[in-house]
Amino acid sequence: MFTGIVREIGTVQDIHQTGDTRIRIACTRPVESIEIGASIACSGVCLTVIQTGTAEGATWFDVDASAETRSKTTLGGWRAGSRVNLEPAMRVGDELGGHIVSGHVDAVGEIIDVRPEGDSHRVDIRAPRALGKFIASKGSVTVDGVSLTVNTVEDQTEGTVFGINVIPHTWAVTTLGDAAAGTGVNLEIDLLARYVARLAEAS
């Protein structure tokens, strides 16, 4: 499990096919702090560390991604040099600064507008219509692994458009600072919203 509080931005160093897709990501964490078998959310996608090392003073770790993961997330578009948000799995006793995040991406959304709003940035994202019932004003949503509060929601024919405000700190320390119209983003709906909707259907 994760909290949606990004710890750093990593950089994809290499991608190649094995049986699945092997991805090497560079980061600043000490190599001894990354365990083989550990889970790391990479732009919201929970991936398992299979190898670690250092090169030229920098830490790297390898993960494998299946064809299913590549097809259902933005991971299929990653290239060497791509920047990714990184968050290690939370430990018992860690502060829950964002909200409960599983690292299981529900769908890929599309950024449709980015504009300054005070010192922050307003970002409008179109999600598939099927996710619309899980997205509510003042509720939580995870965008590329970042826990955010939904400000507005509008159901449209082509999907559900929701707006978020990104404060300067989050803009600076996550890949949301690269946000541009037309960019795809990994979306994970609030786990609690999923269960509430299921209970409503069952009743």
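Tutor: A helix here is a DSSP run of H or I with at least four residues, and helices are numbered from the N terminus. The model is predicted.

Student: What makes glutamate 68 and lysine 72 a salt bridge?

Tutor: The cut-off is 4 Å between a side-chain nitrogen of Lys or Arg and a carboxyl oxygen of Asp or Glu. The closest N and O atoms of glutamate 68 and lysine 72 are 3.6 Å apart, so the pair qualifies. Both residues lie in helix α1 (residues 67–72), four residues apart, about one turn of the helix.

Student: Is glutamate 68 called buried, partly exposed or exposed, and why?

Tutor: Buried means under 20% relative accessible area and exposed means over 50%. Glutamate 68 has 49%, so it is partly exposed. Lysine 72, at 45%, is also partly exposed.

Student: Which residues form salt bridges with arginine 126?

Tutor: Glutamate 110 pairs with arginine 126 at 3.8 Å, N to O. This pair links distant parts of the chain, with arginine 126 in strand β8 and glutamate 110 in strand β7, 16 residues apart. Glutamate 158 also pairs with arginine 126, at 3.7 Å. Here the separation is 32 residues, and glutamate 158 lies in the loop between β10 and β11. Both distances are within 4 Å, so both pairs count as salt bridges.

Student: How many disulfides does the structure hold?

Tutor: It holds zero disulfides. The sulfur of cysteine 46 is 8.5 Å from the closest cysteine sulfur, in cysteine 42. A disulfide needs two cysteine sulfur atoms within 2.5 Å, so cysteine 46 is too far away for a bond. For cysteine 27 the closest cysteine sulfur is again in cysteine 42, at 9.4 Å, which is also too far.

Student: Why is cysteine 27 called buried?

Tutor: Its relative accessibility is 9%, and buried means under 20%, so cysteine 27 counts as buried. Cysteine 46 has 28%, which makes it partly exposed.

Student: What phi does lysine 138 have, and is lysine 138 buried or exposed?

Tutor: Lysine 138 has a positive phi of about 75 degrees. Its relative accessibility is 62%, over the 50% cut-off, so lysine 138 counts as exposed. Serine 43, at 4%, is under 20% and therefore buried.

Notes:
Residues are numbered from 1 along each chain as its sequence is written. This is a predicted model: local features need pLDDT of at least 70, side-chain atom pairs count only at pLDDT 80 or more; totals for chains, interfaces and linings use all residues. Side-chain values use heavy atoms; hydrogens and water are left out. Buried means under 20% relative accessible area, exposed over 50%, partly exposed in between (1.4 Å probe, protein chains only). Helices (H or I, at least four residues) and strands (E, at least two) are DSSP runs, numbered from the N terminus.
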